[in-house]
Number of protein chains: 4
Amino acid sequence: MDEENIGLVVKPNSLLAEETAKKVLQALEKHNAEISVEELSRDYAFLSGYPSFKLEEDPPPRIIVVGGDGTLLRAFQRLCRDDVMVMGVRAGRRGFLLDVEPYEIADRVEDFLEGRFRLYRYTRLDVKLNNKTLPCTLNDAVVVGKTAKVIRFNVFRDGERIYSIDGDGIIVSTTVGSTAYNLSAGGPIIDPGLDAVSLAPMNPVQIQLRPVVLPASSRIRIELRPASNEAWLILDGQHVEDVYEGDIIDISKSSVPAVMARFKWWENYYERVFTRILSYW
Amino acid sequence: MDEENIGLVVKPNSLLAEETAKKVLQALEKHNAEISVEELSRDYAFLSGYPSFKLEEDPPPRIIVVGGDGTLLRAFQRLCRDDVMVMGVRAGRRGFLLDVEPYEIADRVEDFLEGRFRLYRYTRLDVKLNNKTLPCTLNDAVVVGKTAKVIRFNVFRDGERIYSIDGDGIIVSTTVGSTAYNLSAGGPIIDPGLDAVSLAPMNPVQIQLRPVVLPASSRIRIELRPASNEAWLILDGQHVEDVYEGDIIDISKSSVPAVMARFKWWENYYERVFTRILSYW
Amino acid sequence: MDEENIGLVVKPNSLLAEETAKKVLQALEKHNAEISVEELSRDYAFLSGYPSFKLEEDPPPRIIVVGGDGTLLRAFQRLCRDDVMVMGVRAGRRGFLLDVEPYEIADRVEDFLEGRFRLYRYTRLDVKLNNKTLPCTLNDAVVVGKTAKVIRFNVFRDGERIYSIDGDGIIVSTTVGSTAYNLSAGGPIIDPGLDAVSLAPMNPVQIQLRPVVLPASSRIRIELRPASNEAWLILDGQHVEDVYEGDIIDISKSSVPAVMARFKWWENYYERVFTRILSYW
Amino acid sequence: MDEENIGLVVKPNSLLAEETAKKVLQALEKHNAEISVEELSRDYAFLSGYPSFKLEEDPPPRIIVVGGDGTLLRAFQRLCRDDVMVMGVRAGRRGFLLDVEPYEIADRVEDFLEGRFRLYRYTRLDVKLNNKTLPCTLNDAVVVGKTAKVIRFNVFRDGERIYSIDGDGIIVSTTVGSTAYNLSAGGPIIDPGLDAVSLAPMNPVQIQLRPVVLPASSRIRIELRPASNEAWLILDGQHVEDVYEGDIIDISKSSVPAVMARFKWWENYYERVFTRILSYW
């Protein structure tokens, strides 16, 4: 697929996403952009006529994702490479990771086409379950008991034990993910300028255990202890694996960052984080 | 079943529980107690010869439970009445609610038979799902998203809204339950002398939401909002119900307390709570 | 002083309070109320001509306080009786306890004069330092190390030890005070319908120690241990005492509640609590 | 002072420190070490005969500190250079930073003299108040209101605002300091392998504000807002400065790390952190 092509990924089954995507399409066509559409997004009638691509196989070098944080995280799980840049357009209540608002689509699409943005390379996690490689993880890898049962597990960093926990589970998050689930579970916010991983125990019986922040380069191992209840391993809230006693989860920094074009780098990051909650009461 | 009968409930499939129960049996027989055994516990060969009873139907007026907190909580769910008193013997790692240790079984069984103990009446919760009455609840009623998905729900007290939450769920605990799951989730310890209910939000997106302590007499309602993901309602970590958007959970003080004979009322309660965690590293 | 008299207490040295108090005065005079002014508040020229009263000695039976939470707390410390009712008018950024806003002064003063309000009787704390009685306490009694030094102390309830702490100190708060300093320090919100006391340890070295909620009837004792650094005992953020090693602080429920007339009892209490923070970024 | 000299710093006025220091002295003399004693420590009679040195002026290249964490922190404040290495011998209840126990003094002193240890270079903070340079800071810089009054302040990182707080204050800690005051105040543990700074707000009125972890290279500025109450700036719990409204505190990574010889680098760091609290009940 040639260098000029712009790919489109749209959240499925959403009137709001459909409407928003139409504005994106309009802006792209105004600039005579060459357009292709991600396979599944072609379910929308107004997109069905465009050439299609698969995120895992033949993505164009520039992609616009329309939807919420879930849509973007799913797209990046399948787009496990760093030679494709993504622009995010918010269509939904929650879109912390997507910085283009519907009202400004025309201007931002033009900026995207003409290179007026800042490129960010976000560290991702490489997650293996019993040596099997799992999808690329941008926000967090969560180990949590099934049906809210207490699980028993150990957590190691480069061979040294950090925790021995009986509890709901643990959240391992990247810098980007630190303001998501990690924050709700009592983990700290990691500044975007620091490449680190946060460990946040979830409701441990051992109430003295607290969040730990590690270098992103750490090799983290989580081991379900004998006689533990079963657990799920959940990547970015999207991909789910079963975990049994004795299973081993290895987490390390991925060699493949997620690449995003951002248009509001001048905005105050912390104001964005701390006022986000105001929309929820 | 006559007034003199002593019932026995034993944690299933546990060598430790079996061994401990044998000591209890020996002490009972030394005092020529009339013994019956809970139906399922008769799976142990050494108990199969005794007359049986069902906790829901014909429990004797005094019962000894051998096992961990889970065994006791399960027994009380089925024993939804206050004319039966329970003595707990710990056989397992966790037994915060059971105050008799294996080494002192002979003495405490004699105390139990001869009335040397203090009776405690613990408030329980009456929980209804869409008006259907569920098992008696001693520790806590937990609403939590399936497969760790965020759920959206409102919480009311006597018709007034307390919370509107997007998060993992919420723990509603009694005074007795306040030192269990509630404590791990950041809820306060409620003094045994205060009849209250603690609400502890679990990992809310709205990080400004904090635990609330209500009078035990409050009528609490939890309502899964439209478009919420599905949830489980879990009572005392034992009984599980499915909850769907629009479903209504009503929680109020049960008219039937749990009645326990306790032998170590002179012990420091808070020392017990705060040092319990030390056994876990 | 006769039954018809209305007393006025105004926050000192504040243009905003002066302006607000003028509106209150205007409303009172429109209804030909008989007016007296608290001694210190007569420093304002426009109030100097009215008869004066002292809060400790001869308060009229109905008093209007104009200012912020600090003004109200100070007034109640001096007004240690329950035969005087107080109406609060907010003149300042923070006024959680004062429910009349400047724009509605005319209507609420009329309501106050004609008895259209709901009376609330708020539990206060009786605090003694080495048996010396201190001012009435509505929100909280705080023990905290001087110059941020770690102090060592024990906390007892009815003779039983709850905590042994090395840390910054502890907050003992009433139900009303639970949404103030207690909440910031990680303590729970206590529902207005529950008469209780919250203990919130401040930055303890023993990180497993958590907030405890007690019956309001508890007799709480705090004892500075030998070799502890010196501390302050601070009541409602207003009254300060020095505390030395070996000193004993006794806290119990006061027999004299604070009596307030409230005009917005129909408002959602929890919405008020959780949205209060929104005004701060 | 020549390269072979070993300096001795002893906690003042402590029988335990005196006893411990005598053992250190004995071990040094057994190896015919050339010994000098820090000026103030010569108040102990058994040390008064040795040549003296000042930490600020002419410290020998190797120093043994005997005491608790406070003694070590004070020594490093005065020893603001990185060409002197320090060995710590614990004589006191709290000595997280000092890894030699009294029973092993003979062996560890020999190790120190013969170079059998691992050298650690710990990042310190450079703190300026209104451009005046303050002592070297190893653990934390704390801004806290005097007499527990709420202060109002802003916190910036490289010119961008992170927080606007009304509260007790804030703790700015290094990686080493993260397990001290920062941990008690709800801040995360920073792994020794990560060079970072943790910001932990202390009891903010804005309860949605959470700890933030920054790169150690950040330029942090704290500004007391107009109309704020007065504050103290406290470095390592030892050095205190007054701070007034409008004052500016600048914090950045010092170019001069603290250099320590450690003998138990093989020990589990996290076990040490999480079990430390066990000695306190």
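Trainee: How many salt bridges does the rule find across the interface of chain D and chain A?

Mentor: Keep in mind that this is a predicted model. One case to look at is Arg157(A), whose side chain meets that of Asp191(D) at 2.2 Å, N to O. That counts because the cut-off is 4 Å. Across the whole interface of chain D and chain A, the number of salt bridges is 2.

Trainee: And how many residue pairs are in polar contact between chain D and chain A?

Mentor: Here both residues of a pair need pLDDT 80 or more. With that in place, the count between the two chains is 14.

Trainee: How much area do chain D and chain A bury between them?

Mentor: The contact takes 30 residues from chain D and 30 from chain A. In chain D, Leu194(D), Tyr270(D) and Phe274(D) lose the most area to chain A, together 22% of what that side buries. Carbon and sulfur atoms carry 60% of the buried area, and the total is about 2400 Å².

Trainee: What kind of axis relates the two copies?

Mentor: Chain D can be laid on chain A by a turn of 180 degrees with a shift of 0.0 Å along the axis, and the RMSD is 0.0 Å. The two copies are thus related as by a two-fold rotation axis.

How values were computed: Residues are numbered from 1 along each chain as its sequence is written. Chains are lettered from A and ligands numbered from 1 in the order in which they are written. This is a predicted model: local features need pLDDT of at least 70, side-chain atom pairs count only at pLDDT 80 or more; totals for chains, interfaces and linings use all residues. Side-chain values use heavy atoms; hydrogens and water are left out. Copies are superposed by least squares on the C-alpha atoms of residues with pLDDT of at least 70 in both. Contact means heavy atoms within 4.5 Å. Buried area is the accessible area (1.4 Å probe) that two parts lose on being put together, summed over both. A polar contact is a pair of N or O atoms within 3.5 Å; within protein, one must be able to donate a hydrogen and the other to accept it, and residues adjacent in sequence count only if both atoms are side-chain atoms.
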